[in-house]
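Could you walk me through this model in my viewer? Tell me what to select next and what I will find there.

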Amino acid sequence: MSKVSMVLNGKTVSADVEDRTLLVSFIRETRGLTGTHVGCDTSQCGACVVHVDGKAVKSCTMLAAQADGCDVVTLEGIGSADSLHPVQAAFREHHGLQCGFCTPGMIMTAVDMINRHGAGNLDEATIRHELEGNICRCTGYHNIVKAIKAASDQMAGMAQAAE
Amino acid sequence: MYETNYHRAGSVAEAAEKMAGADDGKFLGGGQTLLPTMKQRLAAPSDLIDVTKIAEMKGICADGDGVSIGAATTHAEVAGSDLVKQTLPGLASLAGGIGDPAVRHMGTIGGSIANNDPAADYPAALVALGATVITSKRELAAEDFFTGMFETALEDDEVVVSVKFPGAAASAYAKYPNPASRYAMAGVFVAKGKDGGVKVAVTGAGQDGVFRMSAMETALAGNFSPDAVAGIAPNADDLLSDLHGSAAYRANLVTVMAKRAIAAAG
């Protein structure tokens with residue numbers, strides 16, 4: 001057992017956990033935040049993507065202990081039901097989901113991709129390539145890609161309006 | 001996953017010390033291979049020694065006419081480095097094609113080469129570029145470092161500290177990824193040295209891991225064009241054959257990927 005501390009969605013949290021505890025187990029079971037999903041548990045599907053120190057990672061393939069001292073953001077940390085993040089709003093608007101299981105990882109991956117490329121700088125080919133590590137078995141990806149493109153363009157507009 | 005003890009090392013010396021104190025320890029890089037292997041209970045190290053927070057093992061810097069890359073540097077950092085893109089574009093594009101974005105944010109060059117998966121990308125770059133692997137104990141030429149499938153010259157308590165790449169006149173990598181795993185079914189790195197010498201290294205296809213294609217190197221020395229290697233393939237008897245592709249299929253892929261890499265290198 002080790003004491004693991006991290007900033008989770010802006011709040012400092014700590015808990016004594018077994019060293020083998022995966023970050024996703026820490027988030028879901030120790031902290032009760034079930035927005036982060038476990039799809040494949042083999043690093044393939046991306047349903048478990050969260051941000052660690054601002055970078056998208058697969059939380060099923062990282063130990064909670066590795067995230068000790070880090071800043072971790074999950075789906076619950078980017079928006080709320082009353083105040084959706086632009087990417088969340090775009091997924092609803094463009095129906096970028098069917099069953100919704102992969103959606104948390106899709107959204108966290110989308111936010112990371114927009115951060116890295118810059119809002120407004122994503123074209124369809126780039127989005128599809130960037131989604132290489134996220135699997136959706138319902139939609140065929142079309143509406144997911146549309147939602148990310150729309151969110152990226154909208155966020156560019158928001159940034160411009162703010163200037 | 002079986003129980004394990006996690007340790008974080010602050011220096012190379014501390015990492016070696018912690019390893020010496022462990023029953024059956026393993027160094028932990030980004031963990032993108034080791035953790036999945038542990039989850040499948042195919043590995044059960046008593047202790048994990050995390051080396052990714054060691055300052056002397058991180059970062060990319062110019063080194064003579066080449067670059068030196070710390071072992072704990074992630075694939076995303078290598079792919080995004082302006083210095084690597086300018087000096088060794090083939091290496092930057094290789095790093096940007098490993099796994100997926102989330103994996104590239106965690107996986108490290110040191111972890112990849114220490115594991116020496118026969119389908120990993122980095123070994124081809126190290127061998128073709130004539131890189132030197134600097135460990136906690138010594139310096140090894142890449143060709144002496146990789147000794148077979150999942151085998152390296154590393155001793156149990158020895159850790160990779162950095163990799164030094166000499167500059168090159170041209171470099172490029174082409175791979176045919178398995179559609180599901182994205183691991184290379186055949187990947188070919190072509191490097192033209194500043195002295196004009198050409199090296200071609202193949203990953204993903206060999207039974208013993210990375211290997212050089214000397215017949216292609218000879219052909220390219222006189223004529224650096226895709227046509228020069230069009231008729232050259234490795235002996236299929238030495239190649240992997242599995243449900244993803246037969247040895248003969250992989251032999252042909254090596255030729256095709258070599259042509260693409262040469263075209264990309266220009």
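Two residues count as in contact here if their C-beta atoms, placed from the backbone, lie within 7 Å. Keep that cut-off in mind for the tour, and remember that you are looking at a predicted model.

Start by selecting chain A. Of its contacts with a separation of 6 or more, 62% are between residues 24 or more positions apart. Follow the chain from the N terminus, and the order of elements reads β-β-α-β-β-β-α-α-α-α-α.

Next, turn to overall dimensions. Along the principal axes, the C-alpha atoms of chain A fill a box of roughly 45 × 40 × 25 Å. Chain A has a radius of gyration of 16 Å, which agrees with the value near 15 Å for a compact globule, because that is what 163 residues would give. If you colour by burial, 44% of the 163 residues in chain A come up as buried.

Now bring chain B into view and select the contact between the chains. It takes 22 residues from chain A and 18 residues from chain B. Stay on the side of chain B that touches chain A: the elements giving two or more residues to it are β1 (5–8), α2 (34–39) and α6 (101–106) of chain B. Which element gives the largest share of this side? Select α6(B), which provides five residues, the largest share.

As a last stop, colour that side of chain B by residue type. Its residues divide into eight nonpolar, six polar and four charged.

Methods: Residues are numbered from 1 along each chain as its sequence is written. Chains are lettered from A and ligands numbered from 1 in the order in which they are written. This is a predicted model: local features need pLDDT of at least 70, side-chain atom pairs count only at pLDDT 80 or more; totals for chains, interfaces and linings use all residues. Helices (H or I, at least four residues) and strands (E, at least two) are DSSP runs, numbered from the N terminus. Ala, Val, Leu, Ile, Met, Phe, Trp, Tyr, Cys and Pro count as nonpolar, Asp, Glu, Lys and Arg as charged, and the others, Gly among them, as polar. The radius of gyration is taken over C-alpha atoms; the globule rule is 2.2 Å times the number of residues to the power 0.38. A residue is buried if 20 or more other C-beta atoms lie within 10 Å of its own, exposed if 12 or fewer, and partly exposed in between; C-beta atoms are placed from the backbone.
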